[in-house]
Amino acid sequence: MSWSNAHGTAMIAAAQAHEDLAVTHDDGYVDVFRALRTERVEVMGQLLGGLLGLYVGPEDGGPACLLNAGLEEVSMRHTAAHELGHHRLGHRTSYDHQHAPGRWGEGWPQHERDAEAFASWFLMPRPAARAALARCGLVRPDSPHDVYRMARWTGTPYATTVRHLMRLKMIDRSKETLWLKHSPGALKAELAGGTPVRPRNHVHVLTGAAHRATVHAEAGDCLLLQIPGGRFDRVPTGLSSTAPEVSGQMSLLDSPYDRTHEQALWVSEDLVNDCTLTAEAPGSSGLFRVTVRLTPNRRGADHYRD
C-alpha cells in the first residue's frame, strides 16, 4: 500500500463523513470538534509531552480521543481530524507520536497513512480550499505567502496545507518541494511587515475579499487590514490596539503619525463571545466587516463540548 492508496481511500471516507455529519465549510473552515461530538467520540485535552494524540477504539471502551493540549490550535485541529480518521476508518486504538526526524511520512504503517490522509481531506476538501482562496482574493496560490494566508482560513498547519494543495492539483510537485522549505514563522514575519506577533501566534491578513467572513483566531493573533486607504473604525471589547507583551507601547490607534497603525489589532483573552469588527473602506458601498471568534484554551473536556 502507498500514500496514493491512502489518499484515494481517505478522499472517499472524508466526503462520506462530511455528508453523514452535515459538515459545512462556507469560509473554508471545517469544525472538526463539532464533527467529533456529532459522531459521539469523547474528546479530552491534556499535556502529553511528545505524544500528539491517542485514539481509543470501541474494543478499549471508546470511541474517544485524547489530544495534546500543548499544541497550537491548528496542530490540535489536524490531530483531532487524524483521530477522527482512525474512528471513521474502523481502526483500533492508536498512539500518535511526534514525527521522528527524517523524511516526513517515511516508514509510517498504513493505518497511520490512512488517518493522516483523512485529516487533510476532511479539513481541506476542494470546496473548502476554494472558499479559503476566495477569502484571500485568489483563485490559485502563487507563493508560499498565499498558502500561509489561505491556511489561516482553513485552520490548518502550513506544511500540511502545501502538501494537500499538490494533491488537489492546485500546485505542482516542484512548487510543493520548494514551498515546504519556507518557514511559516518567516512568512508570518514578512506578511506582518514589522508588526509584533508572538512566536506561537498568527497573522490574519484581511483584504476586501474577507468581507462578512468569520475569522477563527487565538488570543495573541494579529488581525491586519490590507484594504487601500482602509482603517478600523473602532476597537471592540476583546480586541486590542496594543501588541501583547510589549510594555509601555502606546495605543496604535492613537498614533497621529502612521496610518498603518490603524490597520492592526490583536485578539485578547477577554474576547468571550463573537464580535463584529468593522473598518472604513474607501470606494466601497458600506463598511467592511468580519466576525472574530476566539478559539478556546483547550484543556480537559469542557472546551470540546461547547
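Guide: Angles under 35 degrees count as roughly parallel, over 145 as roughly antiparallel, 65 to 115 as roughly perpendicular and the rest as oblique. This is a predicted model, in which local features need pLDDT of at least 70, side-chain atom pairs count only at pLDDT 80 or more, and totals for chains, interfaces and linings use all residues. Residues are numbered from 1 along each chain as its sequence is written, and side-chain values use heavy atoms, with hydrogens and water left out.

Visitor: Why are H1 and H4 called oblique to each other?

Guide: Helix H1 (residues 3-20) and helix H4 (residues 110-123) pack at an angle of about 50 degrees, their axes 8 Å apart. Axes are lines fitted to C-alpha atoms, for helices over the stretch in contact, and angles run from 0 to 180 degrees between N-to-C directions. H1 and H4 are therefore oblique to each other.

Visitor: What makes up the contact of H1 with H4?

Guide: Contact means heavy atoms within 4.5 Å. Among the residues making it are Trp3 and His18 of H1 and Gln110 and Phe122 of H4.

Visitor: How many cavities of 30 Å³ or more are counted?

Guide: On a 1 Å grid over the protein atoms alone, a cavity is a set of points where a 1.4 Å probe fits but cannot get out, and lining residues have an atom within 4 Å of a point. Grid points are joined across faces, edges and corners, and a volume is the space filled by probe spheres set on the points. By this rule the count is one cavity. The largest cavity has a volume of about 110 Å³ and is lined by 13 residues, including Glu73 and His216.

How values were computed: On a 1 Å grid over the protein atoms alone, a cavity is a set of points where a 1.4 Å probe fits but cannot get out, and a pocket is an open set with protein on both sides within 12 Å along at least five of seven lines; lining residues have an atom within 4 Å of a point. Helices (H or I, at least four residues) and strands (E, at least two) are DSSP runs, numbered from the N terminus.
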